[in-house]
Amino acid sequence: MLEKGVPTEDEVLDILRGIPVKLGGGKHEVSLLDLLPVQSQIQLMDIVEAFQQKL
C-alpha cells in the first residue's frame with residue numbers, strides 16, 4: 001500500500017476500523033480505531049508519511 005503512495009486518512013482509518021480488539025476475555029470486541037485517541041491517529045499518519053518518503 002505504501003509503495004503506491006501515502007494512503008489517505010480515510011484509508012488508514014478504514015484499516016484501523018477493520019482490526020478487531022477483544023476485551024474482557026473475548027466477551028467484547030471493538031475496533032482498534034475506537035481505542036486509539038485522536039492524537040495517536042495523527043501521529044500514525046505522520047509516521048506513514050515519513051516512511052513513504054524514505055522509500
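**Entry 1**

I started at I19, which sits in the loop between α1 (9-17) and β1 (20-23). For the labels I rely on DSSP runs, numbered from the N terminus: helices are H or I with at least four residues, strands are E with at least two. Before going on, I note that this is a predicted model, where local features need pLDDT of at least 70, side-chain atom pairs count only at pLDDT 80 or more, and totals for chains, interfaces and linings use all residues. Residues are numbered from 1 along each chain as its sequence is written, and side-chain values use heavy atoms, with hydrogens and water left out.

Is I19 buried or exposed, or partly exposed? I19 counts as partly exposed because its relative accessibility is 36%. My cut-offs are under 20% relative accessible area for buried, over 50% for exposed and partly exposed in between, with a 1.4 Å probe and protein chains only.

I19 also turns up in a nonpolar surface patch with M1 and I15, and together they have about 270 Å² of accessible area. Patch members need over 30% relative accessible area and no salt bridge; nonpolar side chains (Val, Leu, Ile, Met, Phe, Trp, Tyr) are joined within 5 Å, like charges within 9 Å. The areas come from the Shrake-Rupley method with a 1.4 Å probe, and for residues only the protein chains shown count as cover.

**Entry 2: the strands**

Next I looked up V30, which lies in strand β2. V30 has 26% relative accessibility, so I log it as partly exposed. Which residues does V30 contact, leaving aside neighbours within four places in sequence? They are I19, P20, V21, L23 and L35. Contact here means heavy atoms within 4.5 Å.

P20 is in strand β1. With residues up to four places away not counted, P20 touches E29 and V30. P20 and E9 are also 11 residues apart in sequence, but their C-alpha atoms are 19 Å apart.

S31 belongs to strand β2 (residues 28-31). S31 counts as buried because its relative accessibility is 11%. Beyond its neighbours within four places, S31 is in contact with L16, R17 and I19.

**Entry 3: the salt bridge**

How many salt bridges does a search of the whole structure find? The search gives 1. The criterion is a side-chain nitrogen of Lys or Arg within 4 Å of a carboxyl oxygen of Asp or Glu. R17 pairs with D14, and the closest N and O atoms are 2.6 Å apart. The two are 3 residues apart in helix α1, so about one helical turn separates them. I have R17 as partly exposed at 44% relative accessibility, and D14 as partly exposed with a relative accessible area of 48%.

**Entry 4: the core**

Then I went inside. The largest nonpolar core has 5 residues: V12, L13, L16, L33 and M45. Helix α1 gives the most to this core, with 3 residues. A core here is a set of buried Ala, Val, Leu, Ile, Met, Phe, Trp, Tyr and Cys residues joined through side-chain atoms within 4.5 Å. In soluble globular proteins, nonpolar side chains tend to be buried together.

L13 is in contact with L33 and Q41, leaving aside neighbours within four places in sequence. Q41 is in helix α3 (residues 38-54), and I log Q41 as buried because its relative accessible area is 16%.

P7 is at 5% relative accessibility, so P7 counts as buried. P7 and V48 are 41 residues apart in sequence, yet 8.1 Å apart in space, C-alpha to C-alpha.

**Entry 5: the whole chain**

Last, the overall figures. I count 3 helices and 2 strands, in the order α-β-β-α-α along the sequence. The protein is more spread out than a compact globule, because its radius of gyration is 13 Å, well over the 10 Å that the globule rule gives for 55 residues. That radius is taken over C-alpha atoms, and the rule is 2.2 Å times the number of residues to the power 0.38. Along the principal axes, the C-alpha atoms fill a box of roughly 40 × 20 × 15 Å.

Of the 55 residues, 18% count as buried. The protein exposes about 4300 Å², with carbon and sulfur atoms supplying 55% of it. Among contacts with a separation of 6 or more, 42% come from residues 24 or more positions apart.
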